[in-house]
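Dear colleague,

Please find below the structure that I am handing over to you, with its sequence.

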Number of protein chains: 2
Amino acid sequence: MKAVCLLSGGVDSATALAVARREGFETYTLSFDYRQRHRVELAAAARLSAQLGAREHKVLEIDLRAFGGSALTSDIEVPKSRAREQMSAGIPVTYVPARNTVFLSLALAWAEVLGAFDIFIGVNAVDYSGYPDCRPDFIRAFETLANLATRAGLEGGRGFRIHTPLIELTKAGIIRLGMELGVDFSLSHSCYDPAGTVACGRCDSCLIRRAGFAEAGVQDPVEYAP
Amino acid sequence: MKAVCLLSGGVDSATALAVARREGFETYTLSFDYRQRHRVELAAAARLSAQLGAREHKVLEIDLRAFGGSALTSDIEVPKSRAREQMSAGIPVTYVPARNTVFLSLALAWAEVLGAFDIFIGVNAVDYSGYPDCRPDFIRAFETLANLATRAGLEGGRGFRIHTPLIELTKAGIIRLGMELGVDFSLSHSCYDPAGTVACGRCDSCLIRRAGFAEAGVQDPVEYAP
């Protein structure tokens, strides 16, 4: 059976892809060049697709910089802190308006063409940045929508399922699961504001990642700026 | 108050835009270059945005041809008939998988950045092609999703509203309403398979349009192939 797997190139989406593979799906990975500050993550997505045996990897371009409104898609600065505990509360400026809605919609489009009814997304509502579109309620609402939006909704038959295998795990739990499933995290990229390919170590994404590796008792294989 | 209005350049979206203007919204029109067969409609969208006083018109590129699966985004032929009554039943091959989900998601993204909570879409569930993503249930599900997907969903305050002013009208009713509101339909484009800018007159979109103008007792101002 085929599944479309959203893949950013970070720890979470790589692990979600590995779960899809373990569950026996033939995986089709989908990444987006949305003119994100950290477009370098697309190379990581390609590497991980290959490492984890994806049948096909597509990169779709959507210029979310045309809308802006986020530190990842405009000139707003990416906030930096020294430690996980110092990250600011609330929805951070790295939130990209409606990003997961847009990404899931396009995953749905591809799934419908492929005849796939399973979509994997590595959202997590425990150790995360506080984005609204990572919550279980959002995912359930998208699943309902998917089943109304498509041929299947009108013609009956199997419904779409949005799989969120990581939604209740801690970052350390995700890292342990990924390693168990053979994910090579040295191929991944998480940093929102890298210098070339070198992670800054101090943006929210780096801080959450580093705290997760530390808690899991595993050496993080990627390089950080000094 | 600001509203984002999806605008393809056809009769329905132009009329929905005119309704938004009549209701007092400052309108931001959004069109998509999705590598559709009838990309010429984008020029119509630009003309109508100007004619109907949109504050800003954006055209976003998304290559839905990367997925294919529709006569509008692949080499599948666009079906032609001689009359409205001869159109085939069921979901036609011009259905573009998840298109309205993708378009509404991107409208939501722009709305959130603009601080707008109103989105207009010219869907119609009476004189239409039988696409699943034109039905009232789909629209309501998207509205629910929008209010979970965004800052507003987490922080409270005003919710998003998806306006579908045409959903229960016939094509003739839409044309009458559009004329009443001053839409210049000579600027519009509906054909799925034009030769240059000249409408074929025999695809589903042309047939529905022509039957609507005939029923409304109005001369259709666009040019059709002989």
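I begin with a pair of facing residues: in this predicted model, A:Leu6 stands opposite A:Leu30 of strand E2 in chain A. Strand E1 (residues 2-6) of chain A and E2(A) are paired in the parallel sense, over 5 bridges.

E2(A) also pairs with strand E3 (residues 56-61) of chain A, again in the parallel sense, over 6 bridges. Within that pairing, A:Ser31 has A:Val59 in E3(A) as its bridge partner. A right-handed β-α-β unit is formed here by E2(A), helix H2 (residues 41-51) of chain A and E3(A).

I then turned to the interface. Chain A places 37 residues in contact with 37 residues of chain B. On the chain A side, the elements giving two or more residues are E3, helix H3 (99-114), helix H4 (136-149) and helix H5 (151-155). H3(A) supplies the largest share of that side, with 10 residues. By residue class, the side of chain A that touches chain B comprises 22 nonpolar, 8 polar and 7 charged residues.

With kind regards

Terms used
Residues are numbered from 1 along each chain as its sequence is written. Chains are lettered from A and ligands numbered from 1 in the order in which they are written. This is a predicted model: local features need pLDDT of at least 70, side-chain atom pairs count only at pLDDT 80 or more; totals for chains, interfaces and linings use all residues. Two strands pair if DSSP finds at least two bridges between them. Helices (H or I, at least four residues) and strands (E, at least two) are DSSP runs, numbered from the N terminus. A crossover is right-handed if, with the strands pointing away from the viewer, the path from the first strand over the helix to the second runs clockwise. Two residues are in contact if their C-beta atoms, placed from the backbone, lie within 7 Å. Ala, Val, Leu, Ile, Met, Phe, Trp, Tyr, Cys and Pro count as nonpolar, Asp, Glu, Lys and Arg as charged, and the others, Gly among them, as polar.
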